[in-house]
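Q: Let us go through the labels attached to this model. For each one, state the rule and then the value.

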Amino acid sequence: MSYIVPSEFVTKMVDAGESKIYMSTRDTLIRAFMAGAILALAAAFAITVAVQTGVFLIGAILFPIGFCMLYLMGFDLLTGVFMLTPLALLDKRPGVTPAAILRNWGWVFLGNLGGALTVAFMMAFIFTYGFNTDPGAVGAKIASVGEARTLGYAEYGAAGWATIFIRGMLCNWMVSMGVVGAMISTNVSGKVLAMWMPIMLFFFMGFEHSIVNMFLFPSAIIMGGEFSVMDYLWWNEIPTVLGNLVGGLAFTGLTLYTTHVRTAPKRKIAPTYNDAGLARSN
């Protein structure tokens with residue numbers, strides 16, 4: 001595993017954020033669509049494994065397969081651009097403005113949503129044989145998760161909303177560490193290992209990922225989950241998106257950029273003297 005030191009890979013993070021701002025709308029949408037679709041497939045795979053084995057940890061261990069695939073292919077998740085694109089603004093890259101960042105976020109959001117919804121429909125079709133049968137154990141599990149992570153939060157009112165927000169923060173802290181992980185090595189095995197660890201952690205801990213939820217909750221509604229689209233938006237997707245934004249930027253992007261690019265001046269240490277009055281090195 002060829003390791004790149006932080007001062008180098010953080011510069012790569014800023015470069016990546018700048019390149020996403022300048023990417024064409026067509027390419028942004030295609031890459032976002034594919035990222036949303038692949039992550040949705042990974043979520044369906046992980047839930048299927050967890051249901052069939054009865055061991056959720058196995059599903060969590062295997063879920064990062066999708067994340068690794070989409071990032072090795074150069075596709076984009078909203079959670080990643082939340083962390084990367086503001087760094088280009090902080091670094092004063094030419095042409096990078098708040099409006100340009102919001103434009104990128106908007107197109108990536110739409111692309112991710114389109115990919116996730118496409119896979120949600122396809123998997124629901126498969127589970128129900130063209131909507132002719134019950135969805136089976138996996139479909140029932142997805143529906144129950146959808147109810148628990150909307151109506152379950154709603155029971156606690158503002159505290160429930162805040163809980164989702166914080167889970168979204170913790171999620172993108174880990175997911176953005178996975179994005180950075182793809183940059184700290186120059187070979188595939190090193191990239192995969194560095195991405196795998198934080199993604200497995202977020203999935204097993206049940207943190208809230210806005211793109212995974214774009215697949216999970218529409219799938220749950222299609223397969224009989226007893227909650228509404230508005231329940232999903234207000235009691236999950238909106239606070240999750242906001243939490244993802246704050247967590248990825250504050251805990252990963254800004255901390256790495258501040259300490260490895262905009263480093264503070266090194267502190268000066270006053271010399272000490274020996275009995276003869278001569279300066280002594282510390």
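A: Helices are DSSP runs of H or I with at least four residues, and strands are runs of E with at least two; both are numbered from the N terminus. The model is predicted, so local features need pLDDT of at least 70 and side-chain atom pairs count only at pLDDT 80 or more, while totals for chains, interfaces and linings use all residues. Residues are numbered from 1 along each chain as its sequence is written, and side-chain values use heavy atoms, with hydrogens and water left out.

Q: What does the secondary structure of the protein chain come to?
A: By the DSSP rule there are 12 helices and 2 strands. From the N terminus the order is α-α-α-α-α-α-α-α-α-α-α-α-β-β. The C-alpha trace spans about 90 × 45 × 40 Å along its principal axes.

Q: What share of the residues in the protein chain is buried?
A: Buried means under 20% relative accessible area, exposed means over 50%, and partly exposed lies in between (1.4 Å probe, protein chains only). Of the 282 residues, 48% are buried.

Q: What makes S210 buried or exposed?
A: S210 has 0% relative accessibility and therefore counts as buried. Its place is in helix α11. Leaving aside neighbours within four places, S210 is in contact with L78, T79, E237, T240, V241 and N244.

Q: How many of the contacts between residues at least 6 apart join residues at least 24 apart?
A: In the protein chain, 80% of them do.

Q: What makes V55, F56, L57, I58, I61, L201, F204 and M205 a patch?
A: Patch residues have over 30% relative accessible area and no salt bridge; nonpolar side chains (Val, Leu, Ile, Met, Phe, Trp, Tyr) are joined within 5 Å, like charges within 9 Å. These residues form a nonpolar patch on the surface, with about 650 Å² of accessible area together. Two or more residues come from each of α3 (56-62) and α10 (188-204). The most come from α3, with 4 residues. Accessible areas come from the Shrake-Rupley method with a 1.4 Å probe; for residues, only the protein chains shown count as cover.

Q: Why does M205 count as partly exposed?
A: Its relative accessibility is 47%, so M205 counts as partly exposed. M205 lies in the loop between α10 and α11 (210-222).

Q: How many salt bridges does the count come to?
A: A salt bridge is a side-chain nitrogen of Lys or Arg within 4 Å of a carboxyl oxygen of Asp or Glu. The count comes to 6.

Q: How do you know that E18 forms a salt bridge with R93?
A: The closest N and O atoms of E18 and R93 are 2.6 Å apart. E18 is in helix α1 (6-22) and R93 in the loop between α5 (78-90) and α6 (98-127), so the pair ties together parts 75 residues apart in sequence. Both E18 and R93 are buried. D15, E18, D91 and R93 are linked in a network of salt bridges.

Q: What makes E208 and R149 a salt bridge?
A: Their side chains meet at 2.9 Å, N to O. The pair links distant parts of the chain: E208 in the loop between α10 and α11, R149 in the loop between α7 (136-148) and α8 (151-154), 59 residues apart. E208 has 0% relative accessibility, so E208 counts as buried.

Q: How do you know that R26 forms a salt bridge with D27?
A: The closest N and O atoms are 2.8 Å apart. R26 is exposed, because its relative accessible area is 59%. D27 is partly exposed, because its value is 22%.

Q: What is the value of phi of F131?
A: Phi of F131 is near 65°, a positive value in a residue other than glycine. F131 is in the loop between α6 and α7. At 38% relative accessibility, F131 therefore counts as partly exposed.

Technical notes:
Contact means heavy atoms within 4.5 Å.
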